[in-house]
Amino acid sequence: MISPISSLTASLSSFFFPPLCVSCRSLLNDKSRFMLCERCLEELALFNEEDSLMTLPSGVLAASSGPYITIMTRLIRALKFSQNMAAARALAAIIMETNCPRYLLTGADIVLPVPISHRRRFMRGFNQCELILAEAAKMRPIAVNYRAVARRHRRAQSRLSREERLKNAQGAFMLLTPEVLRGRVVTIFDDVMTTMATAEAMVAAILTAEPKEVRVVTAARTL
Ligand SMILES: [Zn+2]
């Protein structure tokens with residue numbers, strides 16, 4: 001139950017800080033969802049179930065909520081470059097409302113956010129995949145494990161060609177506690193999948209721990 005004081009605090013705070021659209025900063029109303037105004041909501045493109053799923057070259061099943069265009073791109077950039085937590089909540093809500101990503105996250109024994117290297121964490125201060133999963137775990141039970149895998153520092157994938165990305169990602173992941181993955185259904189979570197190089201490198205590392213099954217979920221995927 002909401003106490004009278006906390007509901008008063010909530011209405012006062014929404015009076016002084018009315019909720020704004022994460023994408024365009026316009027005022028939200030009753031028809032808003034995912035912290036997006038009606039106009040941005042119309043622009044938000046999400047996959048249907050069939051388009052959401054794909055099989056990686058390794059044979060692993062992957063599910064994404066939407067294409068990496070327009071609003072999805074804005075939400076991911078707002079989180080990654082400005083640590084906008086409203087964007088993290090919006091992305092978590094989108095993922096939990098799209099069927100295939102939700103099934104693969106809630107049905108897994110262990111969910112692993114794609115880790116960032118110590119150096120990158122020191123520079124950026126946070127891992128956006130962890131922030132999205134932490135918000136998603138408030139909506140549905142998800143068995144997130146933040147410590148099973150570590151990442152060696154490499155050049156940023158975003159500036160490399162496809163060939164360079166594949167090479168750069170190979171061997172980047174180290175299993176810290178392989179025993180917790182053995183015989184389990186493991187879902188890897190990343191914010192965006194572009195060349196699949198990062199996802200495939202992490203899949204390869206996890207397969208060495210002999211899990212029952214590995215899957216990949218991403219918020220967005222390039223078409
Ligand atoms: Zn908007």
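## Nonpolar core

Leu36, Leu75, Leu91 and Ile188 touch the most other members of the largest nonpolar core, a set of 61 residues. A nonpolar core here is a set of buried Ala, Val, Leu, Ile, Met, Phe, Trp, Tyr and Cys residues joined through C-beta atoms within 7 Å. Helix α5 (residues 85-97) supplies the largest share of this core, 8 residues. Domain 1 (13-43) and domain 2 (46-221) both contribute residues, so the core lies between them.

Leu75 is in contact with Val22, Ser23, Ala87, Ala90 and Leu91, leaving aside its neighbours within four places in sequence. Contact means that the C-beta atoms of two residues, placed from the backbone, lie within 7 Å.

## Model and numbering

This is a predicted model: local features need pLDDT of at least 70, side-chain atom pairs count only at pLDDT 80 or more, and totals for chains, interfaces and linings use all residues. Residues are numbered from 1 along each chain as its sequence is written.

## Overall fold

The protein has 10 helices and 7 strands. These are DSSP runs numbered from the N terminus: helices are H or I with at least four residues, strands are E with at least two. The radius of gyration is 18 Å, close to the 17 Å from the globule rule for 223 residues, so the protein is as compact as a globular protein of that length. The radius is taken over C-alpha atoms, and the rule is 2.2 Å times the number of residues to the power 0.38. The C-alpha trace spans about 55 × 40 × 40 Å along its principal axes.

Buried residues make up 39% of the 223 residues. Buried means that 20 or more other C-beta atoms, placed from the backbone, lie within 10 Å of the residue's own. Of the contacts with a separation of 6 or more, 72% join residues 24 or more positions apart.

## Domain contact

The protein is divided into domain 1 (13-43) and domain 2 (46-221). The bounds come from an automatic or database domain assignment. The C-alpha centres of the two domains lie 27 Å apart. Their contact takes 7 residues from domain 1 and 12 residues from domain 2.

## Pro115

Pro115 is found in the loop between β3 (110-113) and α7 (118-124). Pro115 counts as buried because it has 23 C-beta neighbours inside 10 Å. Beyond its neighbours within four places in sequence, Pro115 is in contact with Asn127, Val149, Ala150 and Arg151. Arg151 is 36 residues from Pro115 along the chain, yet their C-alpha atoms are separated by 5.9 Å.

Conventions:
A residue is buried if 20 or more other C-beta atoms lie within 10 Å of its own, exposed if 12 or fewer, and partly exposed in between; C-beta atoms are placed from the backbone.
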